[in-house]
Amino acid sequence: MIVLGIDPGFSFTGWAIISKQGTRQTLIAHGYLSLDSKQTLSQRIGVFYEFFSEKIKTYQVTNLSIETPFLGKNAQTFLKLGYLRGVLYLMAYQSNLILHEFSPREVKLAVTGFGGAQKDQVSKMVHMLFPMLPVAKTYDVTDAVAVSLCGLWSRA
C-alpha cells in the first residue's frame, strides 16, 4: 500500500507519500507545491494536476488521502479549494486509486488522540513518528503526513 496524502491549498499544498509493508510504515517522499499567485486560476489548477499526476505515476500510489476543508471566513477560498478537490477526485478515478477523506478533526484525533489538537501538536506527533522529517516554517507538510497516516491506518 502506498498512500499519497494531500493538504490542498492555493498558495501551498503539502504532500506526503507513505508506504506500508506488513507493520512497517515508511515515509517515502514529502514536500509542498507552491502555486504562483500571478498565474491564472486555470494555470494553477493545471500545474497542480500535472504535479500530482507525476507523483502518482512515479511512486505507484495506490491510495489518495485528502483533508476536507472547512468553511472559514472566506467563501471564495472555500470555493477554490473545491476546484482542487475536484482535480484530486478526477486523478483518483483516472488512476484507479482508493480515495479517503478526513475532516481536520478526524486527522487530529487519529494522530494526537485529541480532535481539538493544535497544528503544533500534530506536527510534534508526526516528528515523533518520523524524526528525520525536517522542521518547516509552515505546517503544510506535517499536515499532509498526518493525512497520509490516516489513509494508511484506515486500511489497517
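This is a predicted model: local features need pLDDT of at least 70, side-chain atom pairs count only at pLDDT 80 or more; totals for chains, interfaces and linings use all residues.
1. Five strands form an open sheet in the order S3-S2-S1-S4-S5, and their pairing is mixed. Strand S3 (24-34) and S5 are the edge strands, since each of them pairs on one side only. On average, neighbouring strands of this sheet are turned by 20° against each other, with direction ignored.

2. Strand S1 (residues 2-7) pairs with S4 in the parallel sense, over 4 bridges, and Ile6 has Ile66, in S4, as its bridge partner.

3. Helices across the sheet. Helix H2 (residues 75-94) lies across S1, S4 and S5 and runs at about 165° to S4. H5 lies across S1, strand S2 (12-21), S3, S4 and S5, and runs at about 35° to S2.

4. The buried side of H3. In helix H3 (residues 104-112), the residues Pro104, Val107 and Val111 are buried. These residues cover an arc of only 60° around the axis, and therefore lie on the same side of H3. An α-helix has 3.6 residues a turn, so residues three or four places apart point the same way. The elements that cover the buried residues of H3 include strand S4 (63-67), strand S5 (98-102), helix H4 (119-129) and helix H5 (140-154). After H3 comes Gly113, which has a positive phi, near 90°.

5. A histidine in S5. His100 lies in strand S5, and His100 counts as buried because its relative accessible area is 8%, where the cut-off is under 20%. The side chains of His100 and Ser154 are joined by a polar contact of 3.3 Å.

Methods: Residues are numbered from 1 along each chain as its sequence is written. Side-chain values use heavy atoms; hydrogens and water are left out. Buried means under 20% relative accessible area, exposed over 50%, partly exposed in between (1.4 Å probe, protein chains only). Helices (H or I, at least four residues) and strands (E, at least two) are DSSP runs, numbered from the N terminus. The arc is that of the directions from the helix axis to the C-beta atoms. Contact means heavy atoms within 4.5 Å. A polar contact is a pair of N or O atoms within 3.5 Å; within protein, one must be able to donate a hydrogen and the other to accept it, and residues adjacent in sequence count only if both atoms are side-chain atoms. Two strands pair if DSSP finds at least two bridges between them. Axes are lines fitted to C-alpha atoms, for helices over the stretch in contact, and angles run from 0 to 180 degrees between N-to-C directions.
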